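Hi,

Here is the structure for your files. Please look it over before reading my notes below.

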Protein chains: 2
Amino acid sequence: MPVGTLANVKTLTPEQLRATGAQMVLANTYHLHLQPGEAIVAGAGGLHRFMGWSGPILTDSGGFQVFSLSSMRVLDEEGVTFRSPRDGRTIHLTPEKSIAIQNTLGADVIMAFDECPPYPATREQVAIATDRTTRWLERCVQTHRQPEQALFGIVQGGVYSDLRRTSAEALRSFGLPGYAIGGVSVGEPVELIEQIVKVTTPLLPKDKPRYLMGIGTHRELAQAIAAGVDLFDCVIPTRLARHGNALVQGERWNLKNARFQQDFTPLDPLCACYTCQTFTRAYLSHLLRSQEQLGYTLLAIHNITELIGFTQRIRAAIMGDRFTTEFARWLTPPSVSGK
Amino acid sequence: MPVGTLANVKTLTPEQLRATGAQMVLANTYHLHLQPGEAIVAGAGGLHRFMGWSGPILTDSGGFQVFSLSSMRVLDEEGVTFRSPRDGRTIHLTPEKSIAIQNTLGADVIMAFDECPPYPATREQVAIATDRTTRWLERCVQTHRQPEQALFGIVQGGVYSDLRRTSAEALRSFGLPGYAIGGVSVGEPVELIEQIVKVTTPLLPKDKPRYLMGIGTHRELAQAIAAGVDLFDCVIPTRLARHGNALVQGERWNLKNARFQQDFTPLDPLCACYTCQTFTRAYLSHLLRSQEQLGYTLLAIHNITELIGFTQRIRAAIMGDRFTTEFARWLTPPSVSGK
């Protein structure tokens, strides 16, 4: 499977995003359901036409945002009930409802509605969530009405290897077009993330896309790719940009730092993005110090390009059988590389 | 003189701005002096290189922002003393200092440091400010060291026609490469703006650029061009965008309005800008309702394109001797046109 990266595209135009090398866009079912509502997206002719993005799109199930953003939520076998933070109305989200919304939105890849337990959680709590995720997947598959949309299942199991195995085996029996590893990066130490990914990825079919949700840093990407992961989504590049941080060759720089104020070199002289080809570190530092929106936009363009460029170089290295040697820095334990 | 428009470019990349048809960019001396400081801009090789804009740039004198943004300001014959809203330090701005800063910034057109009286103001207050503006211009001319930068004088005189005449005649004696009409749009009724422009513009040399500062709406632009004005700057297109308002064929639409939520037509089907060529009113409405930065950016692209397109059509009409007939709607009194 080719290495792909889903980009969080806040502030960028589709044109700017395309130029970063991003192949696929992730759209949030939860946010789109609340505003503008899936009926309006369907009225526009689906998500691609609504947002002006002709490339592939993936929608998440909405479940993760319910857990992370909503108060007053009640979880039971049927689904989740919560209050909209927008207008306070009560919303009931179930596997059937999530798939119906995603069918209406019209993305190319849609995600099963799962239960993502927090970290830390007891083995029993995680076991209950994992079993429920399997039962919910059954309901998702039954509801799914658009065969041209690829429905991916999501492996849960927290930090418990045996539960990950149970979950992966249950999911495989559905013969889905793709599989995701969920329930990572929910607060657990980075070593545990690597361990989960290492254990879980080989349990999923090699000939289907394997998608690691909500990851990552350069290190996490390299480790996960080494384990066999094909697809990622992550808010890091744009979130860092919003805080004035640049990703440069895997390092994080705070551009508001005084040392950049009079640095008239490109952000990354090796980078081909619009930001690096057009502006200096000093100018970016000035925009960020002035809290000019343009600063965040330019930084997002660079950070996404940097992260996608990293995966492109890995892809080339894999093709040339040079991955583990060329990227050894990212594949060795953090204590050794100093990262 | 060709009709030109200075664009306020907040949130846009130079690339996006160029595509709107904008010919020239206005940069604020006041803001640049406070952050990053003119020394850093000079270190970058001047404003053009610093901000990645190869077209012409104009800097204002900094005086207007001192009046509108600073507290604790003291005005005397020497200049203005005020506290920086950024760090509280005391800053002294004089004609000499303003020109020195602008010489360092390196714009193509620089503006004289003037005193802009508020509205309403007594005839005596305005007369004092107008005379002082002339004395300050003398000091600006004496200080100016960069002959490749065109120094424009600024006519003051408030709403008093005889003071406008006195000011214009005093300025003409300097034989400057261009002249601006200042002290308009400071709170006076729109009829008075039109009257001031009508009276003042013919007092300035026809063979030099005549620049009306801080204007305007479609109507104000058309009226001023009819009076002989060549150059404008205005925050209206981007300020409207920040508030979710679109300029469409001279009208203002609030895109958050419910009627746009399911309107899947382009914002302006006649407009060639990226926004109108790529997105629908429904999508823009969605972005603005979601307070997505992208919504403001896309609206700014359109609004600037719309206003510049308006001046381009006027220019073509002037060349074809069709201006007063074709733009009669904008040249008749507001009570008749209903605008």
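How many residues does the contact take from chain A and from chain B? It takes 24 from chain A and 24 from chain B; residues are in contact if their C-beta atoms, placed from the backbone, lie within 7 Å.

This is a predicted model: local features need pLDDT of at least 70, side-chain atom pairs count only at pLDDT 80 or more, and totals for chains, interfaces and linings use all residues. Residues are numbered from 1 along each chain as its sequence is written, while chains are lettered from A and ligands numbered from 1 in the order written.

On the side of chain A that touches chain B, α13(A) gives the largest share, four residues. (Helices are DSSP runs of H or I, at least four residues; strands are runs of E, at least two; both are numbered from the N terminus.)

Now β9 of chain A, residues 178–181. A:G178 and A:A180 point one way, A:Y179 and A:I181 the other. All are buried, with 20 or more other C-beta atoms, placed from the backbone, within 10 Å of their own.

Pairing takes at least two DSSP bridges. A:V155 stands opposite A:I181; A:A180 has A:Y211 as its bridge partner.

β8(A), α8(A) and β9(A) make a right-handed β-α-β unit. The crossover from β9(A) through α9(A) to β10(A) is also right-handed: with the strands pointing away from the viewer, the path from the first strand over the helix to the second runs clockwise.

Best wishes

Note on methods: Contact = placed C-beta atoms within 7 Å. Buried ≥ 20, exposed ≤ 12 C-beta atoms within 10 Å, placed from the backbone.
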